[in-house]
Amino acid sequence: MTAAVETVAVMTRITPLRHLSRAPRAAAAAIALALAAGLSGCADTSPSRSQPSFYDYLGVPGATVDAAMAASMISGYRANHGLGPVSVDPELDRLAAAQAAVMASRNDIRHALDGDRQTKARLAKAGYVTTTAVENVSAGYRTLAEAFSGWRDSPPHNKNMLNPAVTRIGIGIAYAPDSKYKVFWSLILAAPASAPAATAAAGSPASATTAAAPAKPAG
């Protein structure tokens, strides 16, 4: 796949204050969407937890994002568009966490920080061969609900989440206390070369086939 046919989405840099000022509305929209997709049962309702994990505040040292919850939210959203679900891939989780860590260490929000401009090429170099691979990289979101809502409302990021070919995801965050963004995100969506690609339902969005311009985040 050439650079001309791989969709990637890079979030425009903004300050966290502006970014978070719209967060309550964005988070509410994300949760409403998840509930509409029948995902409320995915929340941890044990007595020890006072809120679902998509509301966990991640702007602290040692925070980790709930990958299973992310897969459930994205799968529910895809179902609303006639698309198949995605599942968590531990290797993609590891690669996403590594990408987030690199961005955090350099205070930079880009896919290509070590020479590989295509997500697919970067994964292949790490030993993960795919037929399709796209990625959302962002910074500034403090909860999974904010990140999901922001990606949904940004056309290039949204197109990646609704790519009909992907079947697996990995998601990672990295905390950078000295950065104005604080939390850096990578969401990788892919179809392993050894697994059959998902089939899009009739009338579902077409596969992303053009390079996406930088998008302003909504959320």
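Lys 182 counts as partly exposed, with a relative accessibility of 26%; here buried stands for under 20% relative accessible area, exposed for over 50%, and partly exposed for anything in between, using a 1.4 Å probe and protein chains only. The model is predicted, so local features need a pLDDT of at least 70 and side-chain atom pairs count only at pLDDT 80 or more, while totals for chains, interfaces and linings use all residues. Residues are numbered from 1 along each chain as its sequence is written, and side-chain values use heavy atoms, with hydrogens and water left out.

Back to Lys 182: this residue sits in the loop between strand E4 (168–175) and strand E5 (183–192). Helices (H or I, at least four residues) and strands (E, at least two) are DSSP runs, numbered from the N terminus. The backbone at Lys 182 has a positive phi, near 70 degrees, in a residue other than glycine. Most residues other than glycine have a negative phi. Asn 107 also goes positive, at about 50 degrees, although it is not a glycine. Asn 107 belongs to the loop between helix H4 (90–106) and helix H5 (119–125), and it is partly exposed, with a relative accessible area of 36%.

Helix H3 takes up residues 67–79, which makes 13 residues, and reaches 18 Å from its first C-alpha to its last. That is close to the 18 Å expected at 1.5 Å a residue, the expected span being 1.5 Å times one less than the number of residues. With 10 of its 13 residues buried, H3 is largely enclosed by the rest of the structure. At the N-terminal end, H3 is capped by Asp 66, with a side-chain oxygen of Asp 66 lying 3.2 Å from the backbone nitrogen of Ala 68. (A polar contact is a pair of N or O atoms within 3.5 Å; within protein, one must be able to donate a hydrogen and the other to accept it, and residues adjacent in sequence count only if both atoms are side-chain atoms.) Pro 52 is found in the loop between helix H2 (23–36) and H3. Its C-alpha is separated by 9.2 Å from that of Met 69, 17 residues apart along the chain, and at 22% relative accessibility Pro 52 counts as partly exposed.

Turning to the rings, the structure holds five aromatic pairs. Rings of Phe, Tyr and Trp (its six-membered ring) pair if their centres lie within 6.5 Å, and planes under 30 degrees apart count as stacked, over 60 as edge-to-face and the rest as tilted. Phe 54 and Tyr 55 make an edge-to-face pair, 5.0 Å centre to centre with 80 degrees between the planes. Phe 54 is buried at 7% relative accessibility, whereas Tyr 55 is partly exposed at 32%. Tyr 77 and Phe 148 are also edge-to-face, at 5.7 Å centre to centre and 85 degrees between the planes. Tyr 77 lies in helix H3 and Phe 148 in helix H6 (residues 144–153), so this pair ties together parts that are 71 residues apart in sequence. Both of these residues, Tyr 77 and Phe 148, are buried. Elsewhere, ring pairs link Tyr 141, Trp 151 and Trp 185 into a cluster.

On the charged side, there are four salt bridges, each a side-chain nitrogen of Lys or Arg within 4 Å of a carboxyl oxygen of Asp or Glu. One of them joins Arg 168 to Asp 89, with the closest N and O atoms 3.1 Å apart. This pair links distant parts of the chain, 79 residues apart: Arg 168 is in strand E4, and Asp 89 is in the loop between strand E2 (87–88) and H4. Arg 168 is partly exposed at 26% relative accessible area, while Asp 89 counts as buried at 8%.

Another salt bridge pairs Glu 135 with Arg 122, the closest N and O atoms being 2.8 Å apart. Glu 135 lies in strand E3 (residues 130–139) and Arg 122 in helix H5, so the pair ties together parts that are 13 residues apart in sequence. Glu 135 and Arg 122 are both buried. Arg 94 is partly exposed at 44% relative accessible area, and so is Glu 91, at 28%.
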